[in-house]
Amino acid sequence: MTDLVDRAAAVTPGGDVHIDVVALGETLLGRWKDVRLASRELLKRDEFHRIPGQSMDDHRERALGQLKLLVAERTVLRAFPTRLGGFDDHGGNLAQFEEIVIADPSLQIKSGVQWGLFAAAIMHLGTEYHHDTFLPGAMSLAVPGAFAMTETGHGSDVSSIGTTATYDAEKDEFVIDTPFRAAWKDYLGNAALHGQAAVVFAQLIVDGVNHGVHALYVPIRDGKDFLPGIGGDDDGLKGGLNGIDNGRLHFTGVRVPRTNLLNRYGDVDESGVYTSSITSPGRRFFTMIGTLVQGRVSLDGAAVIASKMALKIAITYGSERRQFADSPEGDEVVLLDYQRHQRRLITRLATTYAMSFAHERLLETFHAVFSGEKATDADRQELETLAAALKSFSTWSALDILQESREACGGAGFLAENRITQLRADLDIYVTFEGDNNVLLQLVAKRLLADYAKGFKNADAAAIAGLVAAQVGEVAINRSGLRSFVQSVADFGSRARSIGFVRGPAAQRQLLTDRVHTMVAEIAGRLKGVGQLPPDKAAALFNSNQNELIEAAYAHAELLEWEAFTDALDGISDPGTRQVLTWLRDLFGFTLIEKHLAWYLVNGRLSTARAVAVTDYIDDRLLPRLRTHALDLVDAFGFAPEHLRAPIATGAEKQRQDEARAYYAALKASGKAPVEETAPRKG
């Protein structure tokens, strides 16, 4: 590959700048570097790898066997209490878990069902009795378990699930029922075959009063057979993740002891009296659900790793695969030297770096909350909002990155042996489980609106008047086009001058932040007074602004990603590496601005000249500079051949191309090369 890099350096700016690949790789691994490296070393082993073409039944049994191997390696115990054999390391637990996507996403998610959902629910929603009684079996895999929250008729709206758990005071038991078909628990990992117990979420009814959704530990099988009152179906073949035995469960008069209620946040005593330390049913529900936020955090991280793998494969291949000669006597050109190929892959490489840095920030926040370092209600709310925003951004981005990487590799990318198609199929579901992205973004939007409203709380009349006057002035300037006019005059038609005004990080931050603030302010204005409306009219008003709410929340997610990338630059000590990453950060920022140019133009934030200059700067300056360093940037991801397991990423294409070039060179030197039809013949 050296010849390709040297060639790019000779024709592009930035060729004399070098990246410290090793140091950058360590930076990308983050705080839990050693945990990630240990996990990657383990995942080099063949027994953890997916077998392409394996049947669904065989894949399911292989995944179960792999879980047992993980237990033997003690890698799955990191988050659990030390007194039960764990390590109380919440951030490290997710770091090692995210890496499992390298081996097989089915294995990652099946292990997530067992230890990140089933066992974690026992730990976070239960108390000492449940930890001592049920956690050891869940931790050791002696009791494979399911997490029975989602129903056929209710996914995101968990508070409205139909399953009931009614207290029978005479027998001191809860009676669990799914009263209609839509209340069946559905899409549950481990439910179709392997699960022996489940954490079941149900409406808790005590003495005729519904206390809302609570969780109970419920045995569901004795070996292969369902216990009395329990039935279910196999969800069958899915679009991906077929190593997981997803299925349905239903309950008819199933009885469990009162003590099987996971009672950290709500309990029923021996007298049949319900109590809770959280008096508000709504706040109690969101507190319980919030303890399970780690699923969203881990999906964000897994999406980042899958994106890195796809780009490592596609950029390596694009640096070796040649097509079309640039002159009659010249060599064919490597794909990554074409501007369009750079647009397709290097812009997404910038996005992936942003996602990687943002995820490390999210993981630090998660660890601080779950370790107790920062565990106030405000801290937990901040974590939930951050996880919702970043999970939405990264999982949608991962699908885009995987698809573009596949297309950029042509037919080779479509071959199963090169893994991208399978990764794309497996990660498809990431955008709708652990919270549908559109629903999660509404949560983010509501938080943004709440924060916006706080700006007016406790403000005196003069301050409010000043703020309103400033907003009116901004609106007048923006909507009249005066700002664009002023920009045009300042630029005097020079594109170089135009880009100079928006190139720096302060200008990028202002443009990205202003878009979020303006969108939120406009929605807040339309929703003013919604609290005084009847519930049906308030719901209708929210519904009429739903699309704008989601767009504002996504703009906020984009800003969070950009800020994480920008902050990460401060930790890069090597000058060359920092320069290249600054170009990459600029590419990410300008790509976001370019994506929303219509908004910036309509709202008068950019003049036409500056809008055009953004695209020109991407194509003419940033992409050529970064082309030189593309291979180093993906090498820093640190994947070994055993991790990628994609022939086109291991030098096979370069070998083929070199063989072809050598053949034609030798043929030409021999004088035996046939004459082209259009060439003049001698004599």
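## Basis and overall make-up

The model is predicted: local features need pLDDT of at least 70, side-chain atom pairs count only at pLDDT 80 or more, and totals for chains, interfaces and linings use all residues. Residues are numbered from 1 along each chain as its sequence is written, and side-chain values use heavy atoms, with hydrogens and water left out.

The protein has 27 helices and 15 strands. These are DSSP runs numbered from the N terminus (helices: H or I, at least four residues; strands: E, at least two). Of the 683 residues, 53% are buried. Buried means under 20% relative accessible area, exposed over 50%, and partly exposed in between (1.4 Å probe, protein chains only). Contact means heavy atoms within 4.5 Å. Take the contacts between residues at least 6 apart in sequence: 75% of them join residues at least 24 apart.

## Nonpolar cores

In soluble globular proteins, nonpolar side chains tend to be buried together. A nonpolar core here is a set of buried Ala, Val, Leu, Ile, Met, Phe, Trp, Tyr and Cys residues joined through side-chain atoms within 4.5 Å. The largest one has 167 residues. Phe 201, Ile 315, Tyr 353, Leu 581, Ile 593 and Leu 633 have the most contacts inside it. Apart from this core lies another, of 24 residues, including Tyr 167, Leu 188, Ala 191 and Val 268.

Leu 633 touches Ile 19, Leu 24, Leu 349, Tyr 353, Val 580, Leu 581, Leu 584 and Leu 626. That list does not count residues up to four places away in sequence.

## Helix pair α5 and α10

Helix α5 spans residues 90-99 and helix α10 residues 294-318. Their axes come within 9 Å and cross at roughly 45°. Axes are lines fitted to C-alpha atoms, for helices over the stretch in contact; angles run from 0 to 180 degrees between N-to-C directions. The pair is therefore oblique. Angles under 35 degrees count as roughly parallel, over 145 as roughly antiparallel, 65 to 115 as roughly perpendicular, and the rest as oblique. The crossing is right-handed: the near helix is turned clockwise from the far one by less than a right angle.

From α5, Leu 94, Phe 97, Glu 98 and Glu 99 meet Gln 294, Val 297, Ser 298, Gly 301, Ala 302 and Ile 305 of α10. By class, the contact has five nonpolar, three polar and two charged residues. Ala, Val, Leu, Ile, Met, Phe, Trp, Tyr, Cys and Pro count as nonpolar; Asp, Glu, Lys and Arg as charged; the others, Gly among them, as polar.

## Helix pair α4 and α6

The axes of α4 (residues 56-73) and α6 (residues 105-125) come within 10 Å and cross at roughly 60°. That makes α4 oblique to α6. This crossing is right-handed.

## Two buried residues

Val 444 lies in helix α15 (residues 437-454). It counts as buried because its relative accessibility is 0%. Beyond its neighbours within four places in sequence, Val 444 contacts Thr 385, Ala 388, Ala 389, Ala 553 and His 556. Its C-alpha is 8.8 Å from that of Leu 549, 105 residues apart along the chain.

Phe 134 sits in the loop between α7 (128-133) and α8 (135-140). At 11% relative accessibility, Phe 134 counts as buried. Leaving out neighbours within four places in sequence, Phe 134 contacts Ile 122, Tyr 129, Tyr 217 and Asn 260. Phe 134 and Asn 260 are 126 residues apart in sequence, yet 9.5 Å apart C-alpha to C-alpha.
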